[in-house]
Amino acid sequence: MDTELLKTFLEVTKTRHFGRAADNLYLTQSAVSFRIRQLESQLGNPLFSRQRGNVHLTAAGERLQPYAEAILQTWGRAKQDVALTDSLNTQLTIGASPLFWEFDGISAWINRIYATVPGLALRLESVKREGMAKRLFDKSIDLFITSEPPKIENLHVQKVRDYQLQLVTNQPHCNVHSVRDMPLIYLDWGTRFSVEHSRIPELQRTPVLHSYSCKMALDYILSNGGVGYFPSPVVASSTALGELYVVEDAPIMEQSLYVVWREDNDKEALINAIIDVPFKNVIESI
């Protein structure tokens with residue numbers, strides 16, 4: 001199958017518009033339409049319902065989408081593996097949600113890995129939390145970083161760090177009761193956090209910002225005000241400067257960070273070498 005057809009399919013899926021997809025792919029709209037017709041012909045099913053101003057996936061298109069994403073990810077990884085050289089002779093793919101890639105200091109850990117493991121080429125991918133185990137078992141990633149390791153057999157799970165989430169606001173001397181009418185910023189830290197968050201009645205409202213980006217959420221609260229849970233070291237400098245304040249009687253949520261990989265991964269020796277690189281100073285600044 002021509003991977004360019006799958007790229008075009010995913011771009012139309014994302015934009016829901018043939019013209020915008022064409023612009024993003026530097027193609028004509030007729031070329032995009034032709035590629036989609038080719039793909040539909042190969043699969044024997046229509047992938048999009050085309051109505052004026054309303055392009056959306058058919059049931060067949062919805063079924064194809066995760067396969068198309070997996071095929072392109074695997075193909076990209078294969079091309080890089082084949083192109084490895086004597087100086088870059090091993091590739092490893094690490095997955096994490098965008099929240100964890102934004103942790104201050106994570107780049108320092110990556111740099112320590114490069115300094116410790118010679119000949120390494122890393123792929124760092126943002127992966128949805130619910131898709132991590134699947135990506136691990138279809139071998140499109142080698143290991144992932146998470147706060148909620150899946151309870152699945154044949155997986156290695158190693159805790160690498162504990163951290164805390166604190167409720168903060170831009171107003172001083174606040175308690176949980178006094179922040180009940182402030183704009184809520186909600187960072188999606190996973191199921192356990194969601195359950196604990198739901199037990200705080202004063203925070204049960206529609207968030208003005210629901211995000212997977214810690215940086216974006218922090219910028220918002222510093223610029224516009226509000227209240228939300230953040231890792232304590234992320235807000236440490238802002239609280240020291242008097243830009244943010246910890247809500248005095250709010251629960252502190254204890255969290256842990258884990259690395260997860262398959263027991264039967266043929267790169268186990270390389271994974272162990274990476275796991276041995278300490279996370280010290282990586283999560284201390286989050």
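The questions and answers below go through those topics in turn.

Modeller: This is a predicted model, in which local features need pLDDT of at least 70, side-chain atom pairs count only at pLDDT 80 or more, and totals for chains, interfaces and linings use all residues. Residues are numbered from 1 along each chain as its sequence is written, and side-chain values use heavy atoms, with hydrogens and water left out.

Colleague: What is the mean pLDDT of the chain?

Modeller: pLDDT is the predictor's confidence in each residue, from 0 to 100. In this chain, 92% of residues reach 70 or more. The mean is 86.

Colleague: Which helix has the lowest confidence?

Modeller: Helices (H or I, at least four residues) and strands (E, at least two) are DSSP runs, numbered from the N terminus. Confidence is highest in strand S10 (residues 245-246), at 95. It is lowest, at a mean of 80, in residues 59-82, which form helix H4.

Colleague: How many contacts beyond four places in sequence does the model have for residues 282-286?

Modeller: Contact means heavy atoms within 4.5 Å. Over residues 282-286, pLDDT stays under 50. The number of such contacts there is 23.

Colleague: What distance separates the centres of domain 1 and domain 3?

Modeller: Domain bounds come from an automatic or database domain assignment. Domain 1 covers 3-82, domain 2 covers 85-160 + 257-276, and domain 3 covers 163-255. Taken over C-alpha atoms, the centres of domain 1 and domain 3 are separated by 39 Å.

Colleague: Are H1 and H3 roughly parallel or roughly perpendicular?

Modeller: Axes are lines fitted to C-alpha atoms, for helices over the stretch in contact, and angles run from 0 to 180 degrees between N-to-C directions. Angles under 35 degrees count as roughly parallel, over 145 as roughly antiparallel, 65 to 115 as roughly perpendicular and the rest as oblique. The axes of H1 (residues 3-15) and H3 (residues 29-43) come within 9 Å and cross at roughly 110°. H1 and H3 are therefore roughly perpendicular.

Colleague: How many charged residues are in the contact of H2 with H3?

Modeller: The axes of H2 (residues 18-25) and H3 lie 8 Å apart, at an angle of about 105°. Ala, Val, Leu, Ile, Met, Phe, Trp, Tyr, Cys and Pro count as nonpolar, Asp, Glu, Lys and Arg as charged, and the others, Gly among them, as polar. The contact of H2 with H3 has 5 nonpolar residues, 3 polar and, for charged, none.

Colleague: Are H1 and H2 oblique or roughly perpendicular?

Modeller: Their axes are 8 Å apart. The angle is about 125°. H1 and H2 are therefore oblique.
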